[in-house]
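Biologist: Hey, could you walk me through this one? I'm new to it.

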Amino acid sequence: MTVLRGAENPAGVLLAAGEGSRLGRPKALVELDGERLVDRGVRTLREGGCSPVLVVAGAAQVEVIGAVVVPNPGWRTGMGSSLRAGLAALPPGCPAVVVALVDQPRVTPEAVRRLIEAYHLGARVAVASYHGRPRNPVLIAREHFAAAAEAAEGDAGARSFLRAHPELVTPVPCADVAAPDDIDTPADLEAFTRSEG
């Protein structure tokens, strides 16, 4: 595995380990407009200001230009194990991380930039919100990495940590520049493909 040097910018972690059971194939490999979702997610994080960008992989072995791939042997246990793997692989001194999901292709670099801006203005946990509803991506400052990892079980990802510490969360409105729609089923993918065309 590549050893990462210390970083000053918030890192990006793209959770992309699932097998896509309802979709019938790993979401990381699905293509929209000729681009794999994993590449799209990495590009979104990089263009949004994250460096380095890590991809947590599991069901599908992937190579991604511009990202470090972190294997998660325990991917079958759910998203929580992927979040723990991603947090554990962050470079020493990493000040914060933006966590995004591979199956939300309408998250944009601007949404990521807004989370990072909120962090620079003092937010320690920033969550993209859409019409008042918190969704993804999520930014977590370094001092909360351990607590977020400890709370990550099953398919909850960062959700358990966020619900346990609402006083830490800064909502960041993103509905005007992004959407949290995800691709879970073939019908979802067909709808995305039609809208992208």
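**Salt bridges and a buried asparagine**

Modeller: Let's start with glutamate 110 and arginine 114, whose side chains form a salt bridge at 3.3 Å, N to O. By salt bridge I mean a side-chain nitrogen of Lys or Arg within 4 Å of a carboxyl oxygen of Asp or Glu. This is a predicted model, where local features need pLDDT of at least 70, side-chain atom pairs count only at pLDDT 80 or more, and totals for chains, interfaces and linings use all residues. Residues are numbered from 1 along each chain as its sequence is written, and side-chain values use heavy atoms, with hydrogens and water left out.

Biologist: How far apart are glutamate 110 and arginine 114 in helix H3?

Modeller: About one helical turn, because they sit four residues apart in helix H3, residues 109-120. Helices here are DSSP runs of H or I with at least four residues, strands are E runs of at least two, and both are numbered from the N terminus.

Biologist: Which aspartate does arginine 114 meet in a salt bridge?

Modeller: Aspartate 176, at 2.7 Å, N to O. That pair links distant parts of the chain, 62 residues apart, with aspartate 176 in the loop between strand S9 (169-173) and helix H6 (186-196). Shared partners join Glu110, Arg113, Arg114 and Asp176 into one salt-bridge network.

Biologist: New topic: is asparagine 136 buried or exposed?

Modeller: Buried, at 18% relative accessible area; buried means under 20%, exposed over 50%, partly exposed in between, with a 1.4 Å probe and protein chains only. Asparagine 136 lies in strand S8, residues 133-141.
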